[in-house]
Amino acid sequence: MKNALILASLLVLTSLVVFGQGYDEQPADSLVYPIGVAGTVYEDMELGVRGGTLTYASIEDPKGWNNHTAHETSTTAFTNRMLRGLVRNDHISLAIEPDLAKSWEISDDSLVITFHLREGILWSDGTPITADDVLFTFNDVILNTDVDCNSRDGMLLPDDTYPVCEKVDDYTVTFTMSTIFRPALNQLGFNIMPKHKLAQYVHKLNPAVPVGTFNETWTLDMDLTELVGCGPFIVTDYQPNVSVTMSRNPYYYAYDPAGTQLPYYDSEVTAIVTNSDVSMLKFRNGEIDVYGLRAEDIAILLPEGARKGFQVLISDAPAFGTTWFLVNMDIGLAEGTDAEKREVYRNVKFREAMAHCIDKETMVRNVFNGLAGAQWSPVSVPSPFYAGRDYYGGPITENNAVAFEYDPAKAVSLLDEIGVVDADGDGWRDLPSGDPLTIEINTNDNTIRTASCLILVDDWRAIGVNATFQVVDFNTLVDRLFGASGDFIYLGLTGGNEPNSGANVYNSCGSLHAYRYSACDEPDEIDLRIDELLGLGAGTFDLDEAFGYYTEYQQLLSRQLGYIYTVVPTFQYGYYDYVGNAFKSQPDRTPSRYTGLLGELCFDKRL
Amino acid sequence: MKRNCLRALGLTSCVVALFSLLGMAVDLGGIVANELIEEISNAAGLNLIDQYIADYTVEELTDLAANGLTSGIKLAADRALFKLNGGLLALIEMDNEALLALAAAGDQDAADAYVFNGKGDYKKVEVVEAAIAATESDTLAIALGTLLGGFYGPGSPVGQKTEAELLDLVVGDSLGLRVAAATALTTYWILGSDLTIPQVEAAILGVTLVYPEKALAYQGLLTYLYSL
């Protein structure tokens with residue numbers, strides 16, 4: 001351990017030599033995190049002291065250090081700490097906040113966003129960060145088809161054009177769009193890369209290098225002293241299969257309210273381990289400071305926490321994404337079969353009956369070991385646009401939830417009401433005509449989903465619905481989803497902050513509008529309103545106004561019961577008591593490695 | 001577990017208690033060298049593992065683990081060796097059959113590793129309880145009980161029991177459930193008890209020969225208090 005500390009100290013010293021000594025005084029345009037400031041989401045955090053090393057573990061090596069050619073989180077987990085964008089989602093509130101840009105303006109027609117960069121802030125090698133770096137990153141890297149860039153798709157506007165990025169002066173850039181699209185502001189938070197270090201590797205700027213050279217830049221075997229960043233830490237040492245060490249960027253532009261430059265830690269060391277069990281044991285042994293728990297770890301770690309001085313934080317905040325089953329309201333439409341079944345499925349009272357028969361509490365307890373929460377909305381719970389947060393213990397908003405509580409008696413009543421009753425006395429409910437009603441729910445070979453489906457089927461059968469469950473391979477399942485050939489399907493979707501990113505699912509003509517593709521040609525009033533709300537929400541920069549649209553959107557979708565939501569897992573992690581501010585983590589990330597912890601705000605309480 | 005009646009005299013404990021009452025630093029080396037009450041000696045020993053690693057060679061540790069004069073010395077040396085040999089990290093690499101064989105032969109670390117490897121199957125309280133009921137191995141019962149203690153203890157999202165329920169369980173018939181209760185009780189006490197070191201030592205004296213798992217629970221608390 002002593003050796004490790006000495007090594008870490010040496011690395012920091014090395015980095016200071018390479019990077020320089022930092023700012024003489026706090027830049028006027030520095031970013032100040034309101035740590036401990038009442039009335040902010042940071043008010044319960046503590047001001048820290050500088051020094052020490054924060055340790056994590058990862059089960060994957062990074063694949064390089066080039067942020068914009070990276071396709072895997074094992075790489076971006078590091079590049080995201082080395083680089084910053086014009087704007088960021090606040091660590092805690094997830095609201096869009098200034099980052100490298102200190103402010104922005106949106107034109108009256110909402111088509112031009114003008115960013116004002118912080119002046120006097122520097123790259124880690126002491127070079128000024130200017131508008132040229134923004135233009136280079138956007139025009140010469142992201143939009144450059146020679147570059148194998150992962151973030152280009154995210155910049156595409158609804159009319160299949162890209163924003164136009166132009167320089168006004170050294171500290172002002174504009175992005176001009178051909179159509180109003182508020183989510184673009186989110187997308188413009190891409191990481192800025194240093195032109196002075198990288199332009200030489202871009203063929204269009206330096207024809208002397210072959211096309212595609214940039215894709216082979218900042219690879220694992222590079223001289224790490226050549227790495228330059230603007231984030232809190234810079235990679236200063238990499239030992240394959242062993243560890244990655246990041247050292248403080250002396251020119252990071254963020255400070256705390258007391259004028260202490262962030263990050264507090266001198267360095268962060270990520271141990272590369274073979275699997276999660278090793279991570280867990282390293283945490284138990286005190287070899288790493290933070291660990292993202294699996295449900296199966298909880299019982300082992302809980303009793304040890306008090307003895308060993310670590311906390312097991314079990315968040316009650318569900319993670320991003322949705323889990324649902326869908327009722328295929330177009331069943332048999334293409335084949336000209338199942339007309340009566342289709343009619344029943346399209347009756348919202350039938351779907352309400354099914355929804356009232358989801359025992360979410362049992363799912364949470366038995367499938368997720370208690371580490372999940374009920375879900376009702378198509379918008380991810382951590383999103384600032386999520387409209388039912390009070391359902392989880394808020395109150396952040398009024399109770400906007402449209403929740404179908406577990407109520408088998410209500411389900412029975414609804415089925416009776418629409419004539420889905422046991423006509424022939426065989427114990428199973430039939431279609432109104434008397435023909436048998438059988439339901440098959442499919443999911444892929446996923447233990448969590450399988451266990452959830454078994455609970456669903458048990459409950460439906462208990463009220464006389466002849467439901468069965470079948471595991472099918474994922475590709476078959478997706479074929480059924482896209483081909484509208486399934487019956488009931490149990491799956492999940494990833495999610496993000498912006499509800500409009502779900503337009504491909506919830507717009508009546510969306511490619512994943514799998515519960516009723518026919519809505520594209522025959523939309524009902526609710527479908528039309530949902531489409532309209534999606535556009536309205538994305539078409540305004542007034543977040544309160546957007547929230548209003550998206551609240552109605554969520555309520556309509558929840559009542560429509562196309563996708564019928566079940567439960568979503570929470571996240572949890574462990575951290576040693578001496579890691580200050582570790583009790584708070586970024587809700588859209590998993591702290592299992594490094595991305596969830598607010599590393600630049602954490603500090604070593606032992607110092 | 002062999003027990004020496006002399007431990008019941010607890011003479012050294014009284015000396016330690018006096019130290020504590022006078023507000024002096026606890027002499028862990030003195031306790032571990034002289035304490036005859038197993039749980040008190042062990043609590044001190046568990047706080048000396050790193051010191052033993054620094055102070056003794058592997059050969060010396062091996063000798064102390066086998067021939068140490070007190071339970072605490074043996075435990076400290078044994079745990080130091082375990083740590084030096086890679087701890088559980090080394091054991092979980094073994095296949096389960098080998099671990100089971102070692103566990104059946106009385107190797108508690110092997111039993112712990114076996115249960116650790118199977119923790120994915122032990123995510124439900126009922127499953128762990130059933131496994132405890134089914135096992136005839138004391139080492140496995142203890143390993144499973146320790147895991148179950150995590151479910152029973154404070155903060156657990158499922159299966160949490162009250163302190164009163166645990167106090168009943170810790171003197172019950174099933175070894176695994178007694179260990180589970182002891183594990184959970186220690187957590188409760190560390191988080192919420194205001195017992196002092198002398199009080200915990202006295203509590204251990206009262207139960208050590210009668211209710212070993214209850215004494216084990218107090219040992220956990222004492223280990224923590226000694227570490228402060």
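Colleague: What area is buried between chain A and chain B, and what share do carbon and sulfur atoms give?
Modeller: About 2,000 Å² is buried between chain A and chain B. Carbon and sulfur atoms give 71% of that area. Buried area here is the accessible area (1.4 Å probe) that two parts lose on being put together, summed over both. One caution: this is a predicted model, in which local features need pLDDT of at least 70, side-chain atom pairs count only at pLDDT 80 or more, and totals for chains, interfaces and linings use all residues. Residues are numbered from 1 along each chain as its sequence is written, chains are lettered from A and ligands numbered from 1 in the order in which they are written, and side-chain values use heavy atoms, with hydrogens and water left out.

Colleague: How many residues does each chain bring to the contact?
Modeller: Chain A brings 22 residues and chain B brings 24. Contact means heavy atoms within 4.5 Å.

Colleague: What makes A:Asp277 and B:Lys119 a salt bridge?
Modeller: A salt bridge needs a side-chain nitrogen of Lys or Arg within 4 Å of a carboxyl oxygen of Asp or Glu. A:Asp277 and B:Lys119 have N to O at 2.6 Å, so the pair passes. The pair crosses between chains: A:Asp277 sits in helix 6 (residues 276-284) of chain A, and B:Lys119 in the loop between helix 9 (108-117) and helix 10 (125-134) of chain B. Helices (H or I, at least four residues) and strands (E, at least two) are DSSP runs, numbered from the N terminus. Both A:Asp277 and B:Lys119 are buried.

Colleague: How many salt bridges does the rule find across the interface, and which elements of chain A supply at least two residues to it?
Modeller: The rule finds 1 salt bridge across the interface of chain A and chain B. On the side of chain A that touches chain B, helix 6, helix 7 (298-308) and helix 10 (360-367) of chain A each supply at least two residues. The largest share, 7 residues, comes from helix 7 of chain A. Over all chains, the structure holds 30 salt bridges.

Colleague: Why are A:Arg529 and A:Glu532 about one helical turn apart?
Modeller: They stand 3 residues apart in helix 15 (residues 525-538) of chain A, so about one helical turn separates them.

Colleague: Why is A:Arg529 called partly exposed?
Modeller: Buried means under 20% relative accessible area, exposed over 50%, and partly exposed in between (1.4 Å probe, protein chains only). A:Arg529 has 26%, so A:Arg529 counts as partly exposed. A:Glu532 has 41%, so A:Glu532 is partly exposed too.

Colleague: What makes A:Asp24 exposed?
Modeller: A:Asp24 has a relative accessible area of 84%, and the mark is over 50%, so A:Asp24 is exposed. A:Asp24 is found in the loop between helix 1 (2-19) and strand 1 (31-32) of chain A. The C-alpha atoms of A:Asp24 and A:Asn475 are separated by 58 Å, with the two residues 451 apart along the chain.

Colleague: How do you know that B:Arg79 and B:Asp109 form a salt bridge?
Modeller: Their closest N and O atoms are 2.7 Å apart, and the limit is 4 Å, so the pair qualifies. The pair links distant parts of the chain, 30 residues apart: B:Arg79 in helix 6 (residues 71-84) of chain B and B:Asp109 in helix 9 of chain B. Both B:Arg79 and B:Asp109 are buried.

Colleague: Which other residue lies in the loop between helix 14 and helix 15 of chain B?
Modeller: B:Tyr211 lies in that loop, between helix 14 (197-207) and helix 15 (212-227) of chain B. B:Tyr211 has a relative accessible area of 37%, so B:Tyr211 is partly exposed.

Colleague: What share of chain B counts as buried?
Modeller: Of its 228 residues, 46% count as buried. Chain B has 15 helices and 0 strands.
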